[in-house]
Amino acid sequence: MTTQIQTPRRGKVTFGGVLRSEAIRMFSLKSTAILLSIAVVLYVAIAMGGTWGIGSLLQSMGDVSQMEGMGAMTHPGFASETIGSGLVFSQLILGVLGVLLFSGEFTTGSAVSTFLASPQRLRVMSAKIVLIVLLTGVTQLASSLLAFVAAKPIAENYNLTLDFGGESFQFVLWYGALAVIMTALMGLALGMMLRNSAGGITVLTGVFFVLPIITSLLGMLADWLNNVSAFLPYQLGLSLATPLSVPTELELWQQLTGVAGWIVIPLALGAVLLAKRDIK
């Protein structure tokens, strides 16, 4: 009599399966819900406060159309742009979420089991990219819509125009979501490259808050640095979503090219390092 030894069948790893696994992992973390909640609440609160502040200022000052530097406030779309006042904070908070999505696995050591289950590293990376794009994009769109609804009664109280279908709010809605997605993917790339949550968050914060200050100061010594600062992610996001408040000399295609650069280059570097370095 012979005994046949059966080897266990290994299930085929698919992109859909990896994506589902990453989604389960991400939503099981308390930090995900906390960061998403903070991003939405803070964005709505700043939009309401900004609308109230602009309305109060215009009411107290009367006709500001002839005042130097105040002309933009009389534009019909300026109140709609105020909805995007908290965009930078949304970028930073959801950018941190992008950092944690990758760096957290190396911090806890779960990256080993992740890549044992799915040895194709770039497939795992692609799943994380899809997940963070959908999550942050939908969150920012929801934040802008909630902010519009919350700020509408305040605007009406001060006779300010909030036009949902107007160009200004549509810029805030869609380009604001693009700016947040850009930052989240930058955070994801930093988490992938540095494999350290604190380091990734520090670099992301430096790029958004320290680098603009440095280029602004050095711009007084070299004029060409002022052109460079227009391509910083902080400036690109605001000038796309709120062009009245943050004007730029760049054309739309140049701005979108800059956004693409801040997405593609860090992710490409992260992919190379992910493929070449040991997981441990």
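Helix H4 (87-108), helix H5 (111-117), helix H6 (121-157), helix H7 (167-194) and helix H10 (233-241) are among the elements that cover the buried residues of H11, contact being taken as heavy atoms within 4.5 Å. The buried set in H11 is made up of Gln-255, Gly-258, Val-259, Ile-263, Pro-266, Leu-267, Gly-270, Ala-271 and Leu-274; buried here means under 20% relative accessible area, exposed over 50%, and partly exposed in between (1.4 Å probe, protein chains only). As for length, H11 (residues 252-276) has 25 residues and should span 36 Å at 1.5 Å a residue, which agrees with the 36 Å between its end C-alpha atoms. That expected span is 1.5 Å times one less than the number of residues.

All of this comes from a predicted model, in which local features need pLDDT of at least 70 and side-chain atom pairs count only at pLDDT 80 or more, while totals for chains, interfaces and linings use all residues. Residues are numbered from 1 along each chain as its sequence is written, and side-chain values use heavy atoms, with hydrogens and water left out.

Stepping back to the whole protein chain, there are 11 helices and zero strands, both being DSSP runs numbered from the N terminus (helices H or I, at least four residues; strands E, at least two). The C-alpha trace spans about 100 × 45 × 30 Å along its principal axes. Of the 280 residues, 46% are buried. Among contacts between residues at least 6 apart in sequence, 79% join residues at least 24 apart. The chain exposes about 14600 Å², with carbon and sulfur atoms supplying 67% of it; accessible areas come from the Shrake-Rupley method with a 1.4 Å probe, and for residues only the protein chains shown count as cover.

Now for the salt bridges, each a side-chain nitrogen of Lys or Arg within 4 Å of a carboxyl oxygen of Asp or Glu. A search of the whole structure turns up two. In one, the side chains of Glu-22 and Arg-25 meet at 3.7 Å, N to O; both residues sit in helix H1 (residues 15-27), three residues apart, or about one turn of the helix. In the other, Lys-128 meets Glu-22 at 2.7 Å, N to O. With Lys-128 in helix H6 and Glu-22 in helix H1, this pair ties together parts that are 106 residues apart in sequence. Glu-22 counts as buried at 2% relative accessibility, as does Lys-128 at 0%, whereas Arg-25 is partly exposed at 25%.
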